[in-house]
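Here is a short walk through one protein model. Keep the sequence and the 3D view side by side as you read.

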Amino acid sequence: MCGLLSSVSSKKIDQFDHALSHLRHRGPDQLSIKNQTFQGKHLSMGHSLLSFFDKNQSSQPYTDNNQSNYLLFNGQIYNYLEIRDYLEKKHGVAAEESDTSVVFHALKTLGSKAIELFDGMWSFVFIDLDQDHIIACRDPHGQKPLYYCTHINDHLYFSSEVTPLKVLLNDKVEIDPIGLTQFLHFDYIPAPRTQYKEIKSVLPGQIIESKFSEINLQSSTYYNPEEQLSNINTNYNINELRRILVESIHKTSRSKIYPLALSGGIDSFTLCHLTQKTLKSINYSVKFNSPSYSEQNTILKTCDFLKTDTNDINVSDIDIKIALNEIYNKIDIPIGDTSLIPNYFLTQKISLNHKFYLSGDGLDEILNGYNLFTALNLLKNKISRKFLLPLTQIIQPVVKNNSSYMPMKLKLSRFTRVKNQNPHLWLPLWMSNTHLSESNRNLGLNVTTEELFEPFLNVPKTLRNNVEKCMSYQLLRVYLPNGILMTRDRASQLNSVENRSPYLNKDVFNKLIIIPASHKTSQFKRRKKILFKINKKYPKHLLTEAKHGFASPISEHLINNSNTYEHIFNSNLKSYKNKWVEHLSLKQNNKSILWNLIIAHKMNLI
């Protein structure tokens with residue numbers, strides 16, 4: 001994990017150094033700045049380095065002897081040695097033994113076509129002064145963030161985070177009501193929007209290009225999962241899947257010993273189990289005092305089966321309260337996903353001895369591992385639609401609320417709200433925390449349904465008639481990059497460590513995504529059948545016990561610390577006072593919308 005910042009402008013930007021200082025946590029090993037004037041334009045490039053190689057080889061902005069090409073790079077290219085050999089044999093280009101050097105020479109030699117060679121996670125800005133060309137790019141799944149903005153026509157800024165861009169704009173930003181509304185509903189703001197109208201996010205799998213001499217942005221998409229989801233293949237080999245997954249873990253870890261975020265599910269179990277004979281994992285697990293949020297019992301069973309142990313990270317409500325002050329004082333974008341909290345404690349512990357760790361991120365999206373798909377299968381069935389829906393509407397009002405991760409009342413509410421909707425609206429309706437009419441009324445906004453659901457409506461025509469494929473596409477293009485991976489990125493960068501997921505590497509992803517849905521996961525219990533086949537042996541509890549979500553007991557935290565938040569709902573957010581009272585009295589579990597409102601208030605968005 002590193003941080004990058006670039007500026008192309010008609011004059012030197014005085015606040016550039018200050019803006020770059022806001023990225024220090026992303027790369028504490030080295031902070032560097034390069035300024036250059038070319039054809040009347042001023043170019044500033046800054047980088048904060050988290051070094052995994054020789055600092056001299058990874059120091060950025062990276063350039064060569066001609067100093068007419070520059071690279072700012074954040075990420076890891078796992079096949080950089082293969083690309084290095086290719087460049088030398090096919091093009092006579094000699095790159096150093098670091099992925100930064102390889103990316104630089106590949107882009108210099110092949111231009112944007114080089115991106116097709118990369119296997120890994122990245123965001124970069126490449127500037128070719130001789131060719132009057134700027135290329136900015138983000139990896140296919142959005143593991144690495146990249147933001148940009150233009151200013152007074154001839155200014156172009158790129159950054160790994162939003163705050164440095166806000167500094168470069170002299171804090172002259174306007175809150176985007178659509179982005180704010182999307183955050184309140186979904187816990188995140190889908191790219192390309194951010195909380196500010198002036199600042200945009202590069203999309204996963206997107207290239208942004210411009211001339212250096214004249215800023216005129218052009219965008220293109222080099223990756224989209226449409227073709228893979230359209231061409232399902234039943235002819236797969238379990239042994240081959242096992243082999244490429246093992247290779248991916250080796251490539252991703254680049255070490256004989258690697259830290260692993262171990263949960264109570266099969267995703268992280270698989271990473272540890274498949275490489276037990278060749279690698280050693282140092283496992284880390286988060287334990288909450290609240291039973292409905294703790295996976296400790298299942299983790300202990302997993303460790304017993306693997307004949308290994310884990311580093312327990314015990315988190316109390318007091319720990320959460322202290323950490324929240326640091327998290328939301330430093331974080332640059334609103335994140336409502338409460339997994340940010342356990343991820344923060346996880347990476348804090350890992351950072352004491354390591355600079356990276358592996359996780360199972362992305363597999364639920366690849367293999368349809370969410371309960372949403374269980375609801376889908378019930379709604380597709382005519383018999384269940386005829387009897388189950390009316391029954392659900394009858395029992396929902398009398399089901400009691402509780403402060404668990406996913407209370408039954410919430411599940412029933414989500415189940416009924418999607419019953420008569422178009423397939424491409426099922427996912428956003430299922431995930432939404434509130435009603436649009438309510439947020440518009442209470443906050444004085446005028447956001448339309450089309451604007452709220454905008455990111456979810458861009459489903460290719462080839463997938464729209466298949467509800468399962470439609471939701472898979474939305475999960476991969478919207479929820480995974482903006483929800484799961486963005487939360488993991490921000491929790492990791494707060495503690496200057498990097499998260500890596502072997503499941504998102506090119507070979508593994510390409511093989512798993514085209515497997516038929518019925519082969520991936522069981523219909524109703526959401527067990528990942530394909531992973532059990534890959535593992536051959538596994539502990540029985542992975543089949544029989546329900547998987548907890550990786551979240552934190554915010555519902556209980558709000559109740560236990562009501563005095564801390566009471567003033568917010570007595571003043572600025574008085575229109576939501578009834579929601580607050582309902583939650584404290586356990587009449588209704590409103591944790592999601594209340595927590596998002598508190599975050600938005602802390603970040604001065606409302």
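What follows covers a pair of helices, then some salt bridges, then one more helix.

The model is predicted. Begin with helix α11 (residues 317-330) and helix α12 (residues 340-350). Their axes come within 11 Å and cross at roughly 90°. Angles of 65 to 115 degrees count as roughly perpendicular, so α11 and α12 are roughly perpendicular to each other. Which residues meet where they touch? From α11 come Asp319, Ile320, Ala323, Leu324, Glu326, Ile327 and Tyr328. From α12 come Leu340, Ile341, Tyr344 and Phe345. Sorted by class, this contact has nine nonpolar residues, two charged residues and no polar ones.

Now turn to charge. Side chains of opposite charge can pair when their charged atoms come close. How many salt bridges does a search of the whole structure find? The count is 20.

One of them joins the side chains of Asp119 and Lys251, at 3.1 Å from N to O. Asp119 lies in the loop between α4 (99-110) and β5 (120-128), while Lys251 belongs to helix α8 (residues 238-253). The pair therefore ties together parts that are 132 residues apart in sequence. Lys251 is partly exposed, with a relative accessible area of 24%.

Another salt bridge links the side chains of Lys144 and Glu498, also at 3.1 Å from N to O. Lys144 lies in the loop between β6 (133-138) and β7 (147-151). Glu498 is in strand β16 (residues 498-500). This pair thus ties together parts that are 354 residues apart in sequence. Lys144 counts as buried, at 2% relative accessibility. Glu498 is buried too, with a relative accessible area of 0%.

Next, find Asp489 and Arg490. They form a salt bridge, and their closest N and O atoms are 2.8 Å apart. Asp489 and Arg490 are both buried. They also belong to a network. Salt bridges with shared partners join Arg26, Glu161, Asp332, Asp489 and Arg490.

Finish at helix α18 (residues 436-443). Which of its residues are buried? They are Leu436, Glu438, Ser439, Asn440 and Asn442. What do these buried residues pack against? Their partners are α6 (177-186), α19 (449-452) and α28 (577-584). After α18 comes Gly444. The phi of Gly444 is positive, near 65°.

Note on methods. Residues are numbered from 1 along each chain as its sequence is written. This is a predicted model: local features need pLDDT of at least 70, side-chain atom pairs count only at pLDDT 80 or more; totals for chains, interfaces and linings use all residues. Side-chain values use heavy atoms; hydrogens and water are left out. Buried means under 20% relative accessible area, exposed over 50%, partly exposed in between (1.4 Å probe, protein chains only). Helices (H or I, at least four residues) and strands (E, at least two) are DSSP runs, numbered from the N terminus. Contact means heavy atoms within 4.5 Å. A salt bridge is a side-chain nitrogen of Lys or Arg within 4 Å of a carboxyl oxygen of Asp or Glu. Axes are lines fitted to C-alpha atoms, for helices over the stretch in contact, and angles run from 0 to 180 degrees between N-to-C directions. Angles under 35 degrees count as roughly parallel, over 145 as roughly antiparallel, 65 to 115 as roughly perpendicular and the rest as oblique. Ala, Val, Leu, Ile, Met, Phe, Trp, Tyr, Cys and Pro count as nonpolar, Asp, Glu, Lys and Arg as charged, and the others, Gly among them, as polar.
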